[in-house]
Amino acid sequence: MDSNFLNIVQTRQSVRKYTDRPVEREKLIQCVEAARLAPSAENVQPWHFLIVDDPELKNKLADQAFSGVFRPTLWAKKAPVLVVILATPDILANRIGKQITGIQYYLLDIGIAGEHFVLQARELGLGTCWIGWFNAKGVKKALNIPKKYRPVSILSVGYPETEHIREKKRNTIETICFFNTLS
């Protein structure tokens with residue numbers, strides 16, 4: 001088994017400080033390709049990735065997305081790229097699934113695809129941070145996003161200011177993994 005994947009997972013961390021170096025579009029496309037290949041419920045693939053790398057538009061987006069109560073996330077304005085992950089949740093498979101199980105499957109799908117994106121970014125030497133604290137209405141306004149799309153998350157993307165890998169504080173395997181019964 002290749003341990004390279006585990007190394008990527010172990011060293012991937014949320015990055016909130018980036019260099020000014022622009023991110024190559026080829027690398028961003030590779031990240032979207034990794035996300036595109038993610039599994040989804042009923043193969044609905046409810047995701048869309050709106051990559052904002054134009055500095056003027058990125059600043060406009062950040063000002064709208066991270067204002068008011070969302071101001072603590074304004075640090076993301078300094079990232080060279082912001083990726084808005086959009087969902088198309090009004091899909092029959094997701095509506096029926098939610099009614100039967102109470103689970104919004106499109107959000108699980110978006111999470112899987114987004115994580116594929118950030119892990120690919122890590123492999124390419126890029127840093128990322130998942131952002132869930134933002135003004136969705138502001139995002140839609142800033143980017144003129146049609147009503148059928150729902151902004152679910154934003155990823156900041158860029159070259160990390162430092163490569164210092166922090167130790168991850170995680171629960172032990174013994175406290176989270178069980179076979180056949182929880183006792």
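The following dialogue explains how to read several features of this predicted model.

Me: How is a pair of aromatic rings described?

Reply: Such a pair is described by the distance of the centres and the angle of the planes. Rings of Phe, Tyr and Trp (its six-membered ring) pair if their centres lie within 6.5 Å; planes under 30 degrees apart count as stacked, over 60 as edge-to-face and the rest as tilted. The structure holds 2 aromatic pairs. In one of them, the ring centres of Phe-49 and Phe-117 are 5.9 Å apart with planes at 10°, so the pair is stacked. Phe-49 belongs to strand E1 (residues 47-52) and Phe-117 to helix H5 (residues 105-123), 68 residues apart. Helices (H or I, at least four residues) and strands (E, at least two) are DSSP runs, numbered from the N terminus.

Me: Is Phe-117 buried or exposed?

Reply: Buried means under 20% relative accessible area, exposed over 50%, and partly exposed in between (1.4 Å probe, protein chains only). Phe-117 has a relative accessible area of 0% and is therefore buried. Phe-49 is also buried, at 18%.

Me: Which residues form the tilted aromatic pair?

Reply: Phe-70 and Trp-133 form that pair, 4.9 Å centre to centre with 50° between the planes. Phe-70 counts as buried because its relative accessibility is 18%, whereas Trp-133 is partly exposed at 43%.

Me: How many salt bridges are there?

Reply: A salt bridge is a side-chain nitrogen of Lys or Arg within 4 Å of a carboxyl oxygen of Asp or Glu. The count comes to 5 salt bridges. Among them, Asp-53 and Arg-25 meet at 2.8 Å, N to O. Asp-53 is in the loop between E1 and H3, and Arg-25 is in helix H2 (residues 25-36), 28 residues apart. Arg-25 is exposed, with a relative accessible area of 55%. Another joins Arg-122 and Glu-163 at 3.3 Å, N to O. Arg-122 lies in helix H5 and Glu-163 in the loop between E4 and H7, so this pair ties together parts 41 residues apart in sequence. Arg-122 is buried at 19%, whereas Glu-163 is partly exposed at 46%.

Methods
Residues numbered from 1 in each chain as written. Predicted model: local features only at pLDDT ≥ 70, side-chain atom pairs only at ≥ 80, totals over all residues. Heavy atoms only, no water.
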